Amino acid sequence: MALGYLLLVLLPIIVFGGYLYNQFYMDVMSEYSEGKQKLVVQAGDGFRSSLKQVESIHALFMNNQQLIDYLNGNYSSELQHVYNYLKDIRPLFIYAQSRDNGISSLKLYKTLPKVHSVDGELEDLDRIIEEPLALLEGVKVDEGVWLRSASSDIAELPSLTYYQRIYNNSYTKPLAVLEIKTNESLISNFFKAVDVNHNMQVRIMQGGATAYSSEGAGQDDELTASLLAMADESDQGYAYSSKQRALVNSLTIPELSTTFYFFSQMDEVFVDIRTKTLVLALILLVSLAVLTGIYYATASSIVRRILGLAKHMRRGDESNLTFYKVGKSNDEIDLLTRSYNSLVQRIDELLNTVHKAELMKKEADYLVLQAQIKPHFLYNTLESIRMLAEINNDQEVVDATYTFGRLLRYTLNSGDNETRLQHEIDNVKHYLDMHKLRMLDRLSFSIQVLTEIDDIRCPRFILQPLVENCIQHGIGQSRKRGEIDIVVRREGEELQIVIADNGPGIPAERLELIRGVLSNERDREELQNENSGHGLYNVSERIRAFYGGHTRLLIESREGEGTKYILRLTVSPLGGSAARGG
């Protein structure tokens, strides 16, 4: 019995305890690292927003017609140059620089010699350094470049300078280069947002070389280089070195072609945990020794009753939950038996509760899918109506207002989660009519219903997200005349709804990802990016939940030829046919 106790109880507890401690240690380290990385990413988003705010100053200069006229040399006399500069242009410099405390200076480098120069504000192009001019040759007309200040001392925090060209109104002739110099606060504020505990060191790498390194930010040895390489290769953006007891979080800023590395020492995080763990382990060992003596003293008298209870417990499962007979001695075994009986009763209650919860979760998931479908076009619609009201005081405004009212009434009516398919098609027609007000001849559409659909019901908003995709990611990305065709027809036991556009199509890699998500073979989070979200997935899941059977959403697309969305709905056969165009 002693050998069995050692092999079956004591040794497994020690091994399992060590394993749990290691897992606990790794979990805490992982959570701490992920939390640090989230903080770095969040601060990086704020830093990039600051960069975008600086870049937005270019729009102030580019959209100032007085500045464009001045840079074009439209003023013949010196008096006109001075007057217009002081009246219209210098206030622009003052306003732009006052918008952001991180800006140290603003300057324009003009291309036309006949345009008068102003020291410190408007100078000749030949006074600019060659590097930004070379970089600007490789970017689009609406883009600029960022450069960091060159410094031989990597312990000195670098400052950043933004360059972008100013063009004439037709974007055919560069008139000047805008230079925006920032001070150290742009980067130092980023560091402060990351280093909330003031215990991090920072290293900035650009082009494989160190651009900045704070004191204690790792040495240029093999361990540090290996740690940085691990952080670069990691999908999570961080790496941990057990030898150095150091955590490195990384963040790449594409605008600057620069990677920031933040070093944290982990010993200070785990020293308290390690102490408490050792104390707990000691307490457990002492308790285990005491319990071992008690075990040997009482095992012979209780083992038979325990074996009987254990045998009964082994026979119990989800379909066989029965009580075990309680004795009359009221000792520990009887207490254990009563606890087991209470547990059996509780498990039986929980099984019923879980079953109900699963049913409620399915209903909640369905409602959540519906709630995610929101109209994203109301602002454009209201703008179109406003423009019509300003330009034309005629029946067009009445028609537009009526159509929009019908559309808004359908959109905001949340009293029922389903509707007739004919009403859904009417809503899509109103939706396209409103977009046509804005796009005019750039958009044409047709709706054909080639079968009887009066008795067919459907979830609300299963067609509008697909039409919205056709407009935003289809014809909205093309300069040619856009066409959207909607056809409803029956094929055997399936009702087929086809929505097609003549836009640029979906890239093959993106199309493969979408199909994988719709078939639940890939994670739907992969589908989310800055241009699209879960609309297609929501439509697919909603029609499957509503119609069942072989209902599905299919997508066909070829780059340059357009995209076709096909809904195959499993509905009962109907007689008759109808046709409608729009």
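Me: In the hairpin of β16 and β17, which residue takes a positive phi?
Reply: This is a predicted model. Three residues lie between the two strands of the hairpin. One glycine in this hairpin has a positive phi near 90 degrees. That residue is glycine 560.

Me: How many bridges pair strand β16 with β17?
Reply: Strand β16 covers residues 552-558. The strands pair in the antiparallel sense. In β17, arginine 568 is the bridge partner of arginine 552. The number of bridges between β16 and β17 is seven.

Me: Which strand do eight bridges join to β17?
Reply: The two strands run antiparallel. Aspartate 501 stands opposite threonine 563 in β17. The strand joined to β17 by eight bridges spans residues 494-501, and is β15.

Me: How many residues of strand β17 are buried?
Reply: Strand β17 runs over residues 562-570. Buried here means under 20% relative accessible area. The strand is mostly covered, and of its nine residues the buried number is seven.

Me: Are helices α14 and α15 roughly parallel or roughly antiparallel?
Reply: Helix α14 takes in residues 508-518, and helix α15 residues 535-547. They pack at an angle of about 30 degrees, with axes 10 Å apart. Angles under 35 degrees count as roughly parallel. The angle therefore makes α14, relative to α15, roughly parallel.

Me: Is the crossing of α14 and α15 left-handed or right-handed, and which residues of α15 make the contact?
Reply: α14 passes α15 in a right-handed crossing. From α14, the contact uses Ile514, Val517 and Leu518. From α15, it uses Leu536, Tyr537, Ser540 and Arg544.

Me: How many residues of the contact of α14 with α15 are nonpolar?
Reply: The contact includes one polar residue and one charged residue. The nonpolar residues number five.

Me: Which strands are the edges of the open sheet of five strands?
Reply: The order is β7-β6-β10-β9-β8, with antiparallel pairing. The twist averages 25 degrees from one strand to the next. An edge strand pairs on one side only. The edges are β7 (209-213) and β8 (238-241).

Me: Which residue in β9 does alanine 239 stand opposite?
Reply: Four bridges join β8 to strand β9, residues 246-253. These strands run antiparallel. The β9 residue opposite alanine 239 is valine 248.

Me: At about what angle does helix α6 run to β10?
Reply: Helix α6 covers residues 185-194. The helix lies across β6 (201-206), β7, β9 and β10 (258-265). Relative to β10, helix α6 runs at about 35 degrees.

Notes
Residues numbered from 1 in each chain as written. Predicted model: local features only at pLDDT ≥ 70, side-chain atom pairs only at ≥ 80, totals over all residues. Heavy atoms only, no water. Axes fitted to C-alpha atoms, helices over the stretch in contact; angles between N-to-C directions. Parallel < 35°, antiparallel > 145°, perpendicular 65-115°, else oblique. Left-handed = near helix turned anticlockwise from the far one by under 90°. Contact = heavy atoms within 4.5 Å. Nonpolar A, V, L, I, M, F, W, Y, C, P; charged D, E, K, R; others polar. Buried < 20%, exposed > 50% of the residue type's maximum accessible area, 1.4 Å probe, protein only. Pairing = 2+ DSSP bridges.
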